[in-house]
Amino acid sequence: MSSCPARHRRLRSRPLLVPVLPALLCALLGLGAPTAAADPAGGADAAGGTSGARVARLYQEAARASEAYERGRLAAAEQQAKAARIQRLLALERQRTHALHRDLGRLAREQYRGSGGLPYAAGMLLAADPEDMLRGSRIAAHANLAVDNAVTRSRTAARRLAASEREAAVARRVLDRQTAALDRLKKSVKERLGQAQWTLQGEADQAVAAGSCPGATRPDGPEEPAPGPWVAPVEGYQLSAGFDSAGAHWSHRHTGQDFAVPIGTPVRAAGAGRVVRVSCGGGFGMEIVIAHPNGYFTQYAHLASPAVDQGEQVRAGQRIGQSGTSGNSTGPHLHFEVRLTEEMGSAVDPVPWLAGHGVAVGDESGAGAGG
């Protein structure tokens, strides 16, 4: 990257070049080395740890890859706009060059006609009057100056034209390589994440079948503070089965709100409280129940991995587990309940309850499944 400023200075000496093109090239080259990150030998899959930790790391890597891809996409769109502007400038330069060549021809014809069909030099030598000779000399000097200026402008325009064409071609090649690398990175992360998600779900199913939950899989780094005292339990969801809906999967009516999200999506505590249950088995699969100071309880079911232990105090927005499809579930989602007691049978509709606590719940993405 240290060579980029020097190259930028050299390119700025070319008058027609768009000044931001060198900076764009440096920025694109500085987005990182996606192909290295996409190598499983050096990525999150080789980092060890539990399946839940690997899924969490891959989600972070996927987020970084998406950010890099978006930066590349925006840079490509910006470069396309610049290329279009350069093409318009090139068209103008071509018109100017063509006009200059016409001017050169016109000046030559006027010079010939103004001397009665003789070149100015011959006319001056044959002039009988010194005044005619001086006048011819001035005309000749003026004509030569005009011709010299026109030739200089024509050559300058041609150099600008060639430099701009070269610069645009370089920028396009860099963008093509960067876009291809980012696309490979996204595909690699997606493939590895898919494999890790179903490995995690397989382990969750085994734990539920055995009736024994695995230990808590803690986040690697510090978490962002919650925006308020209450939050939605997941992000990037689509609402699926709602409260009190009927279906063949429930012995009575549905007792919560389902948030359709991929396996391994971080599940957050809706509010501060104490974990009163971390259990595996039954229709809810892997579940967590939190008691809140306002007397209500929230339940998070069909998980793939817990991130807290029973008896632990949690903050609003703290990650308490990862979503899955354990237990009686038709696909990856989070089953979320708000209860008056710790046990089922005392649930209230979570959506208006959350709205009453300042949390608006609505579809955020195009995910699917529920149950």
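Helix α4 (51-114) is the top contributor to the lining of the largest pocket, giving four residues. Also giving two or more residues to that lining are β3 (266-268) and β8 (319-323). Helices (H or I, at least four residues) and strands (E, at least two) are DSSP runs, numbered from the N terminus.

This is a predicted model, where local features need pLDDT of at least 70, side-chain atom pairs count only at pLDDT 80 or more, and totals for chains, interfaces and linings use all residues. Residues are numbered from 1 along each chain as its sequence is written, and side-chain values use heavy atoms, with hydrogens and water left out.

Back to the pocket: 22 residues line it, with Glu223, Glu235, Pro266, Arg268 and Arg319 nearest its centre. A pocket here is an open set of points on a 1 Å grid over the protein atoms alone, where a 1.4 Å probe fits, with protein on both sides within 12 Å along at least five of seven lines; lining residues have an atom within 4 Å of a point.

Now for β5 (residues 286-291): six of its six residues are buried, meaning under 20% relative accessible area (1.4 Å probe, protein chains only). Met286, Ile288 and Ile290 point one way, while Glu287, Val289 and Ala291 point the other.

| β4 (residues 273-280) | six | Arg274 and Ala291 | Gly281, about 125° |

Notes: Buried < 20%, exposed > 50% of the residue type's maximum accessible area, 1.4 Å probe, protein only. Pairing = 2+ DSSP bridges.
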